[in-house]
Amino acid sequence: MPAPRPASRLRVLTRNAALGPLDYRAPAEGVPVGSVVRVPLGPRELHGVVWEAESLPAGEVADAKLRAILGPAPVPPIPASVRRLVEWVAAYYLVPPAAVLRMVLSVPAALDGARTVTEYRVSGQLPERMTEKREAALSTLGHAQGLVRELAEWSGVSDAVIRGLISAGAIEPVTVSVDRTPPLPDPAFDPPTLEPEQAAAAAALVEAVHAHDFAPFLLDGVTGSGKTETYLEAVAAALEEGGQALVLLPEIALTEPFLRRFEARFGCKPVQWHSDLRASERRTAWRAAASGAAKVVVGARSALFLPYPDLRLIVVDEAHETSFKQEDGVPYHARDVAVMRAQIEAIPIVLATATPAIETLAQVTRGRYRHLELPSRYGGAQMPGIEAIDLRVTQPEAGRWLAPPLVEAMKTTLARGEQSLLFLNRRGYAPLTLCRHCGTRIECPNCTAWMVEHRLVKRLQCHHCGLVEAVPDACPECGEEHSLVACGPGVERIAEEVSALFPDANVALVTSDTIHSPAQAKALVDSALAREIDIFIGTQLITKGYHFPELTLVGVVDADLALKGGDLRAGERSFQQISQVAGRAGRGEKPGHVYIQTHQPEAPVLAALVAGDAPGFYAAETKARRAAAMPPFGRLAAIIVSGPDEAQVAATARAIGRAAPTGIDGLTILGPAPAPLSLLRGRFRHRLLVHAARRADVQGLIADWLTRVEVNRNVRVTVDIDPYSFV
Ligand code: ADP
Ligand code: ZN
């Protein structure tokens, strides 16, 4: 038997992924497990969490060599449920526990005691010496308030320029309290009158909140059926109990419609958590979540890792969205981790969607998730009629992308004073720029990708690494002038066509280039509801969450796009995407109509959409997955080898391939092979794909396998468990 650990010894997990757990000496009065502490490491000071020693093994350090902790941080302890979540995520996704803890202690500034921060804003006083940069900064900043770094970033000048303006008195300091208590949402503020089906679903959710036990639900309601109103009743139940609730949304652009709905229902806004928060807001939000003062948090996937002390409910809205899968850092799926957190917390979780993932439906079939259905739209609104336009038969005019029936329908919609939406999931003007003289395609030097023309800003942009270049006058290869031609449409090109067709219409482009903050989403919703927009043209950003009652026509410009590439989920994804965008039409009193432009109307996905046969589509898709033992009927994991030296990367990938386990039933390994995206941000990439039986211990197998391969320091090996991306 090992000797009992002296009570004075503490095991501490830090936020530093390169470090394992470390031992420290506790002060005489002891430190409770879960406490956030400051510890010394060499000359540095780190934050860490006191952990159960038995769940995090570490190399023993002799008592005499132990250093003392520096002291506790003035924040509540990290709850046991969060510690178990950290361990689970680390084990499941094969990442160091410290990398997961980093997502919990995501705001280092929130861990110190200081209760105020200094932010800055334009004072109104002009500096004695005015320069071009100073003038530009002052005019772009307006009423903005933030840290020096933030002001510099927003106004596109250097920190030094901002500091200069501070010394000159043109920008003044403001002391901001970081511990403002968020307003308390009132569950009785304005409850809706639910329709019978909504009421039945809400009752089941409310009962589950009161039962204080793990209970996963699929809230499966057609677009416009009132899923939000329904799950907000469960949020109300959590509030009545005085506990916390978390609502996860897949994109920050969706928070605006949600915030409006929430405020109307509960009388104030919830606490928000997303990448667009200012540093002080982030700190306030973290502290409010950790103290329990934030009763409802709405946020992006990382909100899942906040240390709520009293969580009673999790809602994952638009639960089918693949953007819940994080691709860099710790590659986790927020939907799956949310279910695990609910299980650890022993609370209900609601996955709300009109187009469930096959994985989620399989859990319903297995009897693990309860299925709540809302089969019709709220208030008697009808589902839109869906019609395919066969582009092989009915072609747009030369050099155009919209076929006559769609243009005709847009004309009538406009004449009636109603709104139309065109959906094309391609940012920019054209996906490819080609030299008409020598045939060269303009590619990104850092990635296996074409540079995409963004005509509005007159730039070529790589959508993978973000590289931006001027559009050259001559072909970079053969030098021929004015020889470059744009091939294919992006949303900007569609906007150009629409402006030519309907010069008087007000057109709004909705893409991540135009809407990347909640404030921009708010402006969009405001002008849409004020009828200042006649035609929306958007990427997937416009396909979900919005409720514009006057929007009656939807056109899918290229329904074949999502089916290309042909990965495991291509069919499912097209079905979801087109159903979602179709679901924007006819949500008010006026009926909606949807046109789908395609070269293959006979494809099962499109045929099912036109026939309104979702069950048929799901049945066929599920059958195909089962036959191929693909998820959720089998398991996948990807091993990605990357580095700046192609030969080294290839050699490591081959060594991993040679060390692969053999003789395991149902296990197949594809590759190694260069990834389809074989160069990304200047790093060469090779991939292996592991396909195993559903019950196989894929993690154990891969962990053991990779220990048998020596990896050069310049090469990185990443494991992606349950991958969604295959490029
Ligand atoms: P979904 O999320 O299912 O697409 P929403 O929750 O957006 O549907 O509901 C569609 C519209 O109907 C929204 O404007 C919503 O406020 C309204 N609505 C739904 N249910 C009710 C209700 N019971 N009472 C009042 N309005 C409702
Ligand atoms: Zn690139």
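Below is a working chat about sheets, helix pairs and annotated sites in a predicted model.

Trainee: Which strands make up the sheet with 7 strands, and in what order?

Mentor: The order is β11-β12-β10-β13-β14-β9-β15, the sheet is open, and the pairing is parallel.

Trainee: Which strands are at the edges?

Mentor: β11 (271–273) and β15 (370–374) are the edge strands, each pairing on one side only. From one strand to the next the twist averages 20 degrees.

Trainee: How many bridges join β9 and β14?

Mentor: Strand β9 (residues 215–221) pairs with strand β14 (residues 348–353) over 6 bridges, in the parallel sense. Within that pair, Asp-220 of the one strand stands opposite Thr-353 in β14.

Trainee: And which strands does helix α10 touch?

Mentor: Helix α10 (residues 334–345) packs on the sheet and touches β10, β13 (311–317) and β14. The direction of α10 makes about 160 degrees with that of β13.

Trainee: What about α9, where does that lie?

Mentor: Helix α9 (residues 279–291) lies across β10 (244–248) and β11, and runs at about 115 degrees to β11.

Trainee: Which residues does the helicase annotation cover?

Mentor: The UniProt record, an unreviewed entry, gives "domain: Helicase ATP-binding" for residues 208–374. In the model that span is 38% helix and 22% strand, and its end C-alpha atoms lie 18 Å apart.

Trainee: Switching to helix pairs. At what angle do α6 and α7 pack?

Mentor: Helix α6 (residues 196–211) and helix α7 (residues 227–240) pack at about 30 degrees, with the axes 8 Å apart. That angle is why α6 counts as roughly parallel to α7. The crossing of α6 and α7 is right-handed.

Trainee: Which residues meet there?

Mentor: On the α6 side they are Gln-198, Ala-201, Ala-202, Leu-205, Val-206, Val-209 and His-210. On the α7 side they are Thr-230, Tyr-231, Glu-233, Ala-234, Ala-237 and Ala-238. By class, the α6 and α7 contact has 9 nonpolar, 3 polar and 1 charged.

Trainee: At what angle do α1 and α2 cross?

Mentor: Helix α1 (residues 80–93) and helix α2 (residues 97–104) cross at roughly 135 degrees, and their axes come within 8 Å. α1 is therefore oblique to α2. The crossing of α1 and α2 is right-handed.

Trainee: Which residues make that contact?

Mentor: Val-82, Val-86, Val-89 and Ala-90 of α1 make the contact with Pro-97, Val-100, Leu-101 and Val-104 of α2. The contact of α1 with α2 has 8 nonpolar residues, no polar ones and no charged ones.

Trainee: How do α15 and α17 pack, parallel or antiparallel?

Mentor: Helix α15 (residues 570–582) and helix α17 (residues 614–627) pack at about 160 degrees, with axes 11 Å apart. α15 and α17 are therefore roughly antiparallel to each other. The crossing is left-handed.

Trainee: And which residues are involved?

Mentor: Gly-571, Glu-572 and Phe-575 come from α15, and Ala-614, Phe-617, Tyr-618, Glu-621 and Arg-625 come from α17. The contact of α15 with α17 divides into 4 nonpolar, 1 polar and 3 charged residues.

Trainee: Where does UniProt put the "binding site" feature?

Mentor: The unreviewed entry places the "binding site" feature at Cys-444, Cys-447, Cys-462 and Cys-465. Cys-447 is in the loop between β18 (432–435) and β19 (452–454).

Trainee: Last topic, the sheet with 4 strands. What is the order there?

Mentor: The order is β28-β29-β27-β30, in an open sheet with antiparallel pairing. β28 and β30 (716–721) are the edge strands. The twist averages 20 degrees from one strand to the next.

Trainee: How many bridges between β28 and β29?

Mentor: Strand β28 (residues 668–680) and strand β29 (residues 683–693) pair over 7 bridges, in the antiparallel sense. Leu-670 stands opposite Leu-689 in β29. The β28 and β29 hairpin has 2 residues between the strands, and Arg-681 takes a positive phi near 50 degrees there.

Trainee: And which residue is the bridge partner of Ala-638?

Mentor: Asp-720 in β30 is the partner of Ala-638. Strand β27 (residues 634–643) pairs with β30 over 6 bridges, in the antiparallel sense.

Trainee: Which strands does α18 lie across?

Mentor: Helix α18 (residues 646–658) lies across β27, β28, β29 and β30, and runs at about 15 degrees to β29.

Key:
Residues numbered from 1 in each chain as written. Chains lettered and ligands numbered in written order. Predicted model: local features only at pLDDT ≥ 70, side-chain atom pairs only at ≥ 80, totals over all residues. Heavy atoms only, no water. Axes fitted to C-alpha atoms, helices over the stretch in contact; angles between N-to-C directions. Parallel < 35°, antiparallel > 145°, perpendicular 65-115°, else oblique. Left-handed = near helix turned anticlockwise from the far one by under 90°. Contact = heavy atoms within 4.5 Å. Nonpolar A, V, L, I, M, F, W, Y, C, P; charged D, E, K, R; others polar. UniProt positions renumbered as here; feature names shortened; annotations may be inferred. Pairing = 2+ DSSP bridges.
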